[in-house]
Every structure is written in structure tokens, then in C-alpha cells.
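Please read it with the structure open beside you.

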Amino acid sequence: MKSISITRTRHRLLPDATRVLAKPFLPGEEILLPGQSRAHLLMQRVLTIPEARVAELNAEILRRFDSRHRDFTHVLERQFEAVACYIDGGERVSAARRLLIGAYFTHEYSIEAAALFNPSIVLSPDQRGVPAGSIRCVMSVRAVGEGHLSSIEFRTGVIDGGGGFTIDAVGPHVVGGRRSPPQHFHKRYFAAKLAELGAINDLSAGVLERLEARFTLDELEASLRALEINGPPAVIWFETVQIIRVLASSNYVTTFPADSHLSERVIFPAGPNETRGMEDARFVLFTDVDGSTKYYATYTAYDGFSILPQLIETDDFVRFTISTLNGAAAQNKGMALFPRTIGGKYFMLSRKDRENLHLSSSSDVHQWDDVTDLYRPQQPWELLQIGNCGSPIETEAGWLVLTHGVGPMRRYAIGAVLLDLENPQRVLGHLPEPLIEPDEDERAGYVPNVVYTCGAIVHANRLVVPYGFSDSGVSVASVRVQDLLDALLSGGPC
């Protein structure tokens with residue numbers, strides 16, 4: 001293997017417990033005497049507070065929390081609207097009491113109190129004011145807070161003409177997105193996912209038959225109500241209806257205030273399949289055959305028991321459309337989309353069996369059925385399992401794929417393979433030794449002895465690799481692209 005000189009920068013992004021999100025808080029829904037939920041009882045207690053005392057409490061709440069959140073009173077008002085159903089008989093409440101009720105049903109969540117790691121990086125859609133020879137980038141990071149709950153954060157920065165990387169300071173607040181249903185669902189995708197979930201039967205078929213090829217959430221609910229009213233007893237249709245509603249809720253749109261800074265935005269778990277987190281987003285700037293571009297990201301939704309590969313789509317990092325990935329090849333972690341089609345087809349790296357690299361192709365970015373073996377662990381440092389470290393990067397020599405390998409003592413290292421541009425199933429070369437291994441000062445952390453990235457970028461003839469270390473923080477390394485390609489090709493094909 002030819003020598004490769006790795007440059008580690010001084011960047012260290014570490015968890016910051018002061019970055020807090022104001023999010024809904026609902027007390028346990030267990031039923032207490034006299035047959036009411038805790039949320040209902042809390043609402044009754046807040047409604048008995050004298051109006052004069054309400055003003056005093058609001059003043060204290062604003063003193064403590066207003067500076068910590070963007071448009072804090074609007075956050076409280078939105079949360080009041082979400083829990084107003086617990087007010088008996090539609091009782092009218094003052095504007096001041098609405099804010100107080102909102103505060104009782106809101107809490108701060110420190111989104112990165114436990115860890116900040118596993119970044120990906122792409123060219124920013126906003127290149128205004130960037131010096132000549134430099135590029136502005138967007139970096140996604142996995143943030144972990146209380147209960148090991150993962151969300152997706154962002155950072156911005158500039159790579160200069162010499163390959164130097166500057167990361168911008170974060171904005172003063174953390175902003176959650178406003179969730180809404182998608183404009184429409186595609187019946188074909190919806191039915192395919194129901195089939196994967198084992199929920200295609202006479203009942204679900206009847207629900208789908210009443211819908212057009214594209215349908216809205218309201219139209220789906222109308223079809224479900226028809227089943228509930230005119231169908232068999234609830235004991236027969238209950239499970240099917242529940243699966244249909246969970247699937248619908250797993251497809252949604254998250255929109256952020258356009259005037260918020262990108263580093264303030266956090267995509268927080270919202271779908272039922274990601275109640276325990278959104279893990280390891282791999283963002284890629286995708287260029288279509290007509291020259292138009294869009295950002296995609298694959299990530300792993302986790303509900304505490306099972307995982308589900310999901311897809312994010314955005315044009316501007318303000319509005320994100322989140323949907324399920326379908327098909328036999330979309331069944332495990334670590335899917336990474338190629339940045340363009342090849343021969344008219346989309347291609348995706350995956351790890352279908354949790355141990356080896358696989359390659360999938362499809363004519364539809366949402367449906368993945370064809371999957372083939374691509375690369376199996378060969379070296380001691382990767383014998384336990386291997387996977388990709390983000391979307392392939394196109395070079396003149398081939399598709400450059402960063403990999404992660406797991407070896408003795410469950411130690412993670414970053415390697416690389418090179419794939420043929422026109423036939424990506426053909427492996428042109430691979431590194432016999434790791435490209436990046438944990439340094440001594442990177443070995444200790446939440447998960448020791450790990451380096452891992454979800455995507456890199458090429459600029460100024462250098463490959464810039466932000467990477468997580470020991471599931472605790474983010475560092476950055478870079479390498480000359482030609483040095484890496486020479487090393488990949490020096491060993492010959494696999």
C-alpha cells in the first residue's frame with residue numbers, strides 16, 4: 001500500500017448541554033381516580049390558579065426561559081393549542097392563562113447532552129459571499145440527549161482553496177420544525193410498505209380501493225372511517241387500521257422558520273417508527289439528468305425495538321420531506337445514495353445482512369428491491385463487519401467509497417474502496433490498512449475505540465472527512481485525493 005499522509009485538524013465539536021429545545025411535555029396518560037388522566041388533572045389544577053397569580057407566574061417563567069428560546073411565547077401558545085382538548089366543556093381562558101398552561105405542558109430537552117457525532121457533509125445551497133476558491137458546506141451531526149434519543153442537527157462552514165476548514169459558530173437558539181402531513185401519499189408506495197409490514201389483507205385492500213393513485217391524509221382517514229363504521233367488529237379491523245395510521249404518520253413534512261440560522265434547526269423525531277431516535281443521516285447532493293439538484297439523506301428510524309430505513313428530501317434545508325423507503329433491499333442500517341443515476345437507474349449502498357457491503361439499484365428512489373453482494377470483509381481490522389461511511393464520491397478514477405470496518409475489541413476504523421464509474425458492482429481497489437483509526441485521545445467516550453463518518457467532500461484536491469470519535473464528539477481530517485486513489489489502485493482489483 002502506498003503511503004497516505006493524513007492531516008488531522010484542530011477542530012473538536014463536543015456536546016453542549018446548554019443547547020436546549022422547548023418541546024411538548026405530557027404527563028403519563030395512566031388513569032387515576034376519579035377516572036381521569038394525569039394530563040387532565042393537571043389542567044384542572046392550572047385552571048384553579050387565580051388570575052392575578054397567573055400574571056406573576058408568567059413573569060417568572062419569562063424571566064427564566066424567554067432568552068433561551070426563539071419566539072418563546074409563540075412556543076407556549078402552540079403547546080396550549082395542542083392540549084386545549086383537556087379543558088372540560090370548552091371553557092374560555094385568558095391569553096395569560098393560555099401561556100401558563102402552555103408552560104406546564106412544555107419542557108426543555110438538551111438535545112446533545114450525551115453525545116454529538118457521526119457527521120456528513122455536503123455543498124451548501126447558499127454560496128453567497130464565499131471568497132473565490134472557497135466553498136460553503138453544510139454538515140449534519142447526530143445529537144444524542146436524555147434517554148439516548150437521537151436527532152439531526154446542522155453546522156455550517158467554509159473550505160478554502162488550500163483545503164482548510166473553518167466551522168461557523170452556532171446560532172443562539174435551538175429551533176424545532178413545524179410538522180405537517182405530506183401534500184399527498186402515493187398509493188403504490190403505501191401499498192408496497194403495507195405488504196412489507198404484513199398488513200395487506202381484505203380490510204386494507206378495501207381501504208386502498210376507495211383511494212385515488214394519489215391521496216391526502218384526510219382522504220385516507222375518510223376511508224378508514226368507512227371501514228370502522230360499515231366494516232366488521234372492531235376486534236377484527238383494529239390492528240390493520242393501527243398499522244395503516246402508523247405508516248401514514250411515518251411520512252411527514254418538517255418546516256423551519258426561514259429566518260432561523262441553519263445551525264439552530266434540529267430535526268427531532270416525530271414519526272412513530274423513530275420514537276427512540278433518528279440515527280446517522282447520510283446527506284448527499286443529488287444531480288438529476290436535467291442538471292437540477294436536490295438533497296437526499298437516508299437515516300435509520302428506531303422505535304426502541306426495530307429499525308426502519310427512511311428518506312429525507314430537501315431543496316433548501318428549510319423544508320424537509322420525510323418518507324419511508326420500500327423494498328427488500330431497504331431493510332437494514334447504512335443505506336447511502338449515489339449522487340447521480342448510472343445508466344438511467346438510482347444506485348444505493350447498503351448492508352442488507354449487517355456484515356457485508358451490498359449494492360442496490362432501482363428506477364425509483366423510494367422503492368428498492370434489487371440487491372447484490374459488493375464487498376466482504378477481508379482484512380483483520382474489518383473482519384467483524386463492514387459498511388459504508390456515506391454516499392460515494394465521483395472521481396475520474398471511479399466512485400470513491402469510504403467504509404467502516406469493525407475488528408478485534410469491537411474497534412471501528414475508516415477504510416476505502418474504489419468502484420467502477422459505469423459498473424459500480426466492479427470493485428477496482430481497496431485499502432489493505434485503515435485510512436483513519438482512533439487516535440489515543442479519541443479512544444475514550446460514550447462508545448470507546450470508534451471513528452465513524454456519514455459522508456465526506458472533495459475540494460481543492462483534498463478529501464475533507466469530518467468524523468465522530470467514540471460516539472462523543474466530531475473531529476476533521478483531510479487527505480490528498482490523488483494520494484488516496486494511488487493507494488487504492490496500487491493493490492489492484494479485489
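The points below take up the basis of the model, then the helix contacts, then the pockets and cavities.

1. The structure is a predicted model, in which local features need pLDDT of at least 70 and side-chain atom pairs count only at pLDDT 80 or more, while totals for chains, interfaces and linings use all residues. Residues are numbered from 1 along each chain as its sequence is written, and side-chain values use heavy atoms, with hydrogens and water left out.

2. On the terms for elements, helices (H or I, at least four residues) and strands (E, at least two) are DSSP runs numbered from the N terminus. Axes are lines fitted to C-alpha atoms, for helices over the stretch in contact, and angles run from 0 to 180 degrees between N-to-C directions.

3. Helix H1 (residues 38-47) and helix H4 (residues 95-104) have axes that come within 10 Å and cross at roughly 145°. The crossing of H1 and H4 is right-handed, where a crossing counts as left-handed if the near helix is turned anticlockwise from the far one by less than a right angle, and right-handed if clockwise. Leu 42, Met 43, Val 46 and Leu 47 of H1 meet Arg 97, Leu 100, Ile 101 and Tyr 104 of H4, contact meaning heavy atoms within 4.5 Å. These residues divide into seven nonpolar, no polar and one charged, with Ala, Val, Leu, Ile, Met, Phe, Trp, Tyr, Cys and Pro counted as nonpolar, Asp, Glu, Lys and Arg as charged, and the others, Gly among them, as polar.

4. H4 also packs against helix H2 (residues 51-65), at an angle of about 55° and with the axes 9 Å apart. That angle makes H2 oblique to H4, since angles under 35 degrees count as roughly parallel, over 145 as roughly antiparallel, 65 to 115 as roughly perpendicular and the rest as oblique. H2 passes H4 in a left-handed crossing. The contact is formed by Glu 51, Val 54, Leu 57, Asn 58 and Ile 61 of H2 together with Ala 96, Arg 97, Leu 99, Leu 100 and Ala 103 of H4, and by class it has seven nonpolar, one polar and two charged residues.

5. Helix H6 (residues 202-209) and helix H8 (residues 234-249) pack at an angle of about 55°, with their axes 9 Å apart, which makes H6 oblique to H8. Their crossing is right-handed. Leu 203, Ser 204 and Val 207 of H6 make the contact with Ile 236, Trp 237, Thr 240 and Ile 244 of H8, and the residues involved divide into five nonpolar, two polar and no charged.

6. The largest pocket has a volume of about 1,000 Å³. On a 1 Å grid over the protein atoms alone, a pocket is an open set of points with protein on both sides within 12 Å along at least five of seven lines, a cavity is a set of points where a 1.4 Å probe fits but cannot get out, and lining residues have an atom within 4 Å of a point. Grid points are joined across faces, edges and corners, and a volume is the space filled by probe spheres set on the points. Of the 32 lining residues, Ala 22, Pro 24, Arg 78, Gly 176 and Gly 177 lie nearest the centre of the largest pocket. Helix H3 (72-83) is among the elements supplying at least two residues, and the largest share, seven residues, comes from H3.

7. The second largest pocket holds about 550 Å³ of space, and among its 25 lining residues the closest to its centre are Arg 142, Asp 280, Lys 333, Arg 410 and Tyr 412. By class, its lining has nine nonpolar, seven polar and nine charged residues.

8. How many cavities of 30 Å³ or more does a search of the whole structure find? The search finds two. The largest cavity has a volume of about 50 Å³, and its lining includes Asp 280, Arg 282 and Lys 333, with the largest share, three residues, coming from S17. The second largest cavity, of about 30 Å³, is lined by Asn 118, Ser 140, Val 141, Arg 142, Ile 152, Asp 280 and Ala 281, and strand S7 (135-145) gives the most to that lining, with three residues.
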